[in-house]
Amino acid sequence: MEKDFEKLREEMVTKQIQGRGLTEPRLLQAMRSVPRHRFVPLEIQDQAYHDGPLPIGSGQTISQPYIVALMTSLAQLSGNENVLEVGTGSGYQAAVLASLAKTVHTIELFSGLAGWANQTLDELGYKNVAVHIGDGTLGWPAAAPYQAILVTAAAPHPPQPLLDQLDRDGRLVIPVGDRPQQYLQVWQRQGQQFDIESIIPVAFVPLRGEMGWKEDQWPDSSIRSY
Ligand code: SAH
């Protein structure tokens with residue numbers, strides 16, 4: 001069984017990641033090394049390496065492998081970074097980041113998901129990830145500054161606390177906009193200024209919390225999302 005998953009993972013990397021132009025060896029190695037099937041519910045493990053998002057409970061999703069790889073690549077990690085992820089979900093993106101950075105802090109609003117992600121990361125031996133329960137739109141000031149921040153839910157606008165917690169030349173990777181489509185953006189800090197780049201259209205679940213979407217602004221969180 002594990003052997004089959006390894007083969008499916010290798011195919012995933014070759015077709016979905018390399019095949020779409022992401023070729024950095026460290027990134028590909030990380031995508032090869034993280035057992036994605038361990039981060040999805042048992043009953044859909046056989047679909048873990050499909051080219052799409054999957055439901056993980058609480059109306060949330062684990063992103064498509066390509067989107068995880070793309071967001072990771074946009075963070076430009078060399079190995080020494082302190083990284084913040086907002087939206088732990090399954091913990092999969094956190095595991096990929098942990099393979100490429102020094103430390104990862106990840107925040108999840110739903111305590112059930114946070115607990116499940118924490119357990120999976122623990123079982124797999126990722127020692128440089130800390131899972132926190134809370135509102136990630138406020139960031140995690142205790143461990144700031146961050147050289148990279150990834151937000152894995154769609155925001156109305158990059159939350160100011162996240163911009164404030166970026167290091168002087170840090171990068172924020174974030175989907176911005178409402179349903180059904182948002183743009184993946186990179187906010188590159190240059191001192192007090194930001195260079196903003198729009199990458200591709202994406203479809204994430206809504207970012208909630210103080211600086212996120214309110215229930216009445218985006219009531220349906222069960223739509224198909226990356
Ligand atoms: N990165 C995840 C996928 C995340 S789906 C993975 O690899 O599996 C988006 C997640 O963001 C959901 O789990 C949702 O509960 C969470 N979320 C939404 N708003 C949030 C907020 N304000 N703070 C923290 N987490 C939030």
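1. Two strands count as paired if DSSP finds at least two bridges between them. Helices (H or I, at least four residues) and strands (E, at least two) are DSSP runs, numbered from the N terminus. On this basis, Y146 stands opposite L166 in β7. The note concerns a predicted model, in which local features need pLDDT of at least 70 and side-chain atom pairs count only at pLDDT 80 or more, while totals for chains, interfaces and linings use all residues. Residues are numbered from 1 along each chain as its sequence is written, and side-chain values use heavy atoms, with hydrogens and water left out.

2. The open sheet. Seven strands make up an open sheet of mixed pairing, in the order β5-β4-β3-β6-β7-β8-β9. The edge positions are held by β5 (129-133) and β9 (193-202); each has a single partner strand, so one side of each is left without a neighbour in the sheet. From one strand to the next, the twist averages 15°. Strands of a sheet pair through backbone hydrogen bonds, in either the parallel or the antiparallel sense.

3. Parallel pairs. Strand β3 (residues 82-86) and β4 run parallel and are joined by five bridges. Within this pairing, V83 has V104 of β4 as its bridge partner. Strand β6 (residues 146-151) and strand β7 (residues 166-176) also run parallel, with four bridges between them. A148 faces R171 of β7 across that pairing.

4. The β7-β8 hairpin. β7 pairs with β8 in the antiparallel sense over six bridges, and I174 stands opposite Q185 in β8. The two strands form a hairpin with five residues between them, and G177 in the turn has a positive phi of about 135°. Eight of the 11 residues of β7 are buried, that is, the strand is mostly covered; buried means under 20% relative accessible area, exposed over 50%, and partly exposed in between (1.4 Å probe, protein chains only).

5. Strand β4 and V104. Of the six residues of strand β4 (residues 103-108), five are buried, so the strand is largely enclosed by the rest of the structure. V104 lies in this strand and is buried, with a relative accessible area of 1%. V104 touches V83, A94, L97, A98, N128, V129 and A130, residues up to four places away in sequence not being counted; contact means heavy atoms within 4.5 Å. V104 and N82 are 22 residues apart in sequence, and their C-alpha atoms are 6.0 Å apart in space.

6. A separate strand pair. Strand β1 (residues 54-57) and strand β2 (residues 60-62) pair in the antiparallel sense over three bridges, with P55 opposite T61 in β2. They form a hairpin with two residues between them, and S58 in the turn has a positive phi of about 55°.

7. Helices α1 and α2. Two packed helices are described by the angle between their axes and the distance between the axes. Axes are lines fitted to C-alpha atoms, for helices over the stretch in contact, and angles run from 0 to 180 degrees between N-to-C directions. The axes of helix α1 (residues 2-17) and helix α2 (residues 25-33) come within 8 Å and cross at roughly 140°. R9, E10, M12, V13 and I17 of α1 meet L28, M31 and R32 of α2. By class, this contact comprises five nonpolar, no polar and three charged residues; Ala, Val, Leu, Ile, Met, Phe, Trp, Tyr, Cys and Pro count as nonpolar, Asp, Glu, Lys and Arg as charged, and the others, Gly among them, as polar.

8. Helices α1 and α3. α1 packs with helix α3 (residues 65-75) at an angle of about 70°, their axes being 10 Å apart. The two helices are therefore roughly perpendicular to each other (angles under 35 degrees count as roughly parallel, over 145 as roughly antiparallel, 65 to 115 as roughly perpendicular and the rest as oblique). M12, Q16 and I17 in α1 meet P65, Y66 and A69 in α3. The residues of this contact divide into five nonpolar, one polar and no charged.

9. Helices on the sheet. α3 lies across β6, β7, β8 (182-190) and β9, and runs at about 155° to β7. α3 is mostly covered, with 11 of its 11 residues buried; among them are Y66, L70 and L74. Just after α3, Q76 takes a positive phi of about 50°. Helix α5 (residues 111-123) lies across β4 and β5, running at about 165° to β5.
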